[in-house]
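Hi everyone, thanks for coming. Please have a look at the picture on the screen, and I'll walk you through it step by step.

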Amino acid sequence: MSNIWIICRKEIKSYFASPIAYLLMAMFAVIFGFFFWNVVGYFVFMGIQQQAGGRPFPMNLNEQIVRPLLSNVSVIGLFLLPLITMRLFAEEKRSGTIELLMTSPVTDFQILLGKWLAAMLMYGAMLLVAGMNFLFLFIYGKPDWRPILVGFLGLLLQAGGLLAIGTFISTLTKNQIIAGAATFGVCLLLWVMEWVSAYDSTASAKVMAYLSIVSHFESFSKGVLDSKDIIFYCSVIFLGLFLTARSLESLRWRA
Amino acid sequence: MIKVEGLTKRYARTVAVDDISFEVEKGQIVGFLGPNGAGKTTTMRILTCFMPPSEGTVNVAGFDVQKEPLEVKRRIGYLPETPPLYPEMEVGEYLEFVGKLKGLPTAGLAERIKEVSEQCAVTDVFDKLISKLSKGYRQRVGLAQAIIHNPDVLILDEPTSGLDPKQRAETLDLIKSLAGNHTIILSTHVLREVEQTCEKLIIISKGKVVARDSMENLGSRLKGSEAVLVEVEPRNGAPLTAGDVQRRLEQVSGVSRVVGKGDDQRIRFEVESLQGRAVRADIARAVVESGWNLTELHPVSVSLEEVFLQLTGGSKQ
């Protein structure tokens with residue numbers, strides 16, 4: 001356990017010692033801030049319109065602001081997550097520090113878990129920025145906090161899966177750009193795979209829609225804890241970390 | 001301390017290390033010598049549990065590298081060819097990270113870091129970012145990293161590559177000072193360094209051990225003898241042929257072979273004698289007593305370079 005933490009702390013330090021962490025958080029703050037402003041603006045517009053039209057329609061913060069925003073975060077995440085994981089192993093391989101890690105009395109599993117955990121914490125720091133925006137809803141309104149919590153759990157689980165895949169891809173190359181681009185490609189594919197369900201309902205289309213990382217977020221964004229989706233995300237995390245472990249082992253044989 | 005038996009490492013198409021066996025005793029400094037691509041780094045990576053062997057057994061400090069890699073790793077300090085440094089860290093911060101990674105308890109870690117930084121002379125860059133360090137300092141930080149957990153075995157892969165002559169000498173002195181407490185394997189392709197530093201030598205070429213001996217033995221091993229260069233002049237213009245001199249030299253006891261090295265102007269011979277017999281005095285007496293002038297007499301040392309080139313199948317330019 002302590003070994004995992006030693007590695008995790010080192011990774012977090014290097015995120016924050018370089019501009020990466022600040023850049024990611026700033027980019028996230030700007031993009032998410034824009035979405036927030038947008039959604040709240042629309043909400044206010046709808047409110048005024050309904051008052052003027054005299055059609056009383058129940059306005060709901062959770063349904064009309066929180067839910068679309070959480071879905072937005074999950075998509076923004078797809079674009080920013082590769083930037084978190086691309087350096088994890090590629091950088092160590094390029095600079096040769098991988099030899100230090102792999103000849104130290106720690107197991108491969110501890111190394112990869114420490115790194116993945118650091119990536120999760122980095123994403124968590126970005127989510128805090130989103131959380132700050134949500135705070136305004138609590139200052140000026142009374143949203144239900146439970147669906148928001150479930151939504152954030154969903155975001156973490158979804159990111160966990162993608163970060164695990166990104167960590168795996170980072171072990172495959174010495175080049176950060178390649179690792180980042182490949183991860184981005186995979187993330188994008190896992191997102192758009194869902195689109196086939198719009199026009200097709202064959203078995204293969206169903207499988208593709210099921211594998212789409214975004215479709216499983218639906219329930220979380222509604223504030224629903226569905227075991228089916230939790231299991232899906234946990235399986236993706238497990239698969240990603242398992243592949244990373246295998247890849248590290250094969251690195252030892254090939255290196 | 002280190003026991004390697006029948007070690008073989010195959011990559012997809014090539015055999016990097018082919019059936020190597022050697023032993024290193026506690027406290028020794030062993031030079032691991034060979035041309036580039038001979039399999040030095042591969043062997044070291046197997047010793048440090050970075051990669052597993054294809055065949056054979058490797059035992060370090062009483063533990064098998066395949067069965068108990070964590071125990072081996074705990075007892076080994078490794079400096080790869082490029083020091084494994086994180087440029088975004090400060091030196092002190094880096095040593096703290098490595099110390100913890102190697103399993104040192106937090107209590108006493110600060111003192112240990114101070115100790116190794118003094119030992120490796122990096123105290124004056126302690127608070128600097130590693131990315132700002134010169135090559136020499138980086139190498140020393142790399143060395144500090146390797147010894148921080150006071151390992152039984154130190155494996156250093158070309159610790160002096162890329163350093164200037166002064167840094168080279170300093171690094172070698174530092175390594176020498178570490179011997180005794182640590183068993184050290186040091187790889188290099190610079191012969192002079194091995195001559196200065198190591199007690200024992202393992203020469204490998206094309207993945208095979210071609211020689212394994214102490215420094216002194218290797219030097220004399222090739223010819224099995226010592227050679228002396230002799231130049232003789234006739235005294236007062238008396239006629240003298242090379243043949244006369246050769247016959248006289250061959251009669252000196254202990255001489256095994258006399259090889260002509262002269263030309264039209266000079267009469268020179270390389271006289272080989274049996275190992276351990278200092279025949280220079282006898283040769284000098286024989287020449288003088290024959291009424292000739294002895295103009296030159298000095299031992300011809302067989303340089304390690306020659307041994308190396310002959311063993312590894314290279315040719316001297």
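**A helix and its surroundings**

Let's begin with helix α8 of chain A: the elements covering its buried residues include α3 (61-85), α4 (87-95) and α7 (145-171) of chain A. Before I go on, please remember that this is a predicted model.

Which residues of α8(A) are buried? They are A:Gln176, A:Ala179, A:Gly180, A:Thr183, A:Cys187 and A:Leu190. If you look down the axis of α8(A), these buried residues fall within an arc of 95 degrees, so they line one face of the helix. Here is a handy thing to know: an α-helix has 3.6 residues a turn, so residues three or four places apart point the same way. And what sits on the face of α8(A) turned away from the buried side? There you find the exposed residues A:Ile177 and A:Gly185.

Now let's move over to chain B. Its secondary structure comes to 11 helices and 14 strands. Of the 317 residues in chain B, 39% are buried. Among its contacts between residues at least 6 apart in sequence, 66% join residues at least 24 apart.

How confident is the predictor about chain B? The average pLDDT is 84, and 90% of the residues score at least 70. Among the elements of chain B, α3(B) has the highest mean pLDDT, 95, while helix α8 (residues 215-221) of chain B has the lowest, 63. For the complex, the predictor gives an ipTM of 0.88 and a pTM of 0.83.

So where do the chains meet? The contact takes 17 residues from chain A and 20 residues from chain B. On the side of chain B that touches chain A, the elements giving two or more residues are α2 (69-74) and α3 (91-101) of chain B. By class, that side of chain B has 12 nonpolar, 5 charged and 3 polar residues.

Let me zoom in on a few residues of chain B. B:Ile147 is found in helix α5 (residues 135-147) of chain B. Is B:Ile147 buried or exposed? It counts as buried, because it has 21 C-beta neighbours inside 10 Å and the cut-off for buried is 20 or more. Leaving out residues up to four places away in sequence, B:Ile147 touches B:Gly77, B:Val116, B:Leu154 and B:Leu178. B:Ile147 and B:Cys120 are 27 residues apart in sequence, with their C-alpha atoms 9.6 Å apart in space.

Next comes B:Glu170, found in helix α6 (residues 165-178) of chain B. This residue is partly exposed, with 18 other C-beta atoms within 10 Å.

Finally, two loop residues. B:Ala61 lies between β4 (55-60) and β5 (63-64) of chain B, and B:Asn150 lies between α5 and β7 (153-157) of chain B. B:Ala61 has a positive phi of about 50 degrees although it is not a glycine, and B:Asn150 has a positive phi of about 50 degrees too, again without being a glycine. B:Ala61 is partly exposed, with 17 other C-beta atoms within 10 Å; B:Asn150 is partly exposed with 14.

How values were computed
Residues numbered from 1 in each chain as written. Chains lettered and ligands numbered in written order. Predicted model: local features only at pLDDT ≥ 70, side-chain atom pairs only at ≥ 80, totals over all residues. Contact = placed C-beta atoms within 7 Å. Helix = DSSP H or I, 4+ residues; strand = E, 2+ residues; numbered from the N terminus. Nonpolar A, V, L, I, M, F, W, Y, C, P; charged D, E, K, R; others polar. Buried ≥ 20, exposed ≤ 12 C-beta atoms within 10 Å, placed from the backbone. Arc of directions from axis to C-beta. pLDDT = per-residue confidence, 0-100.
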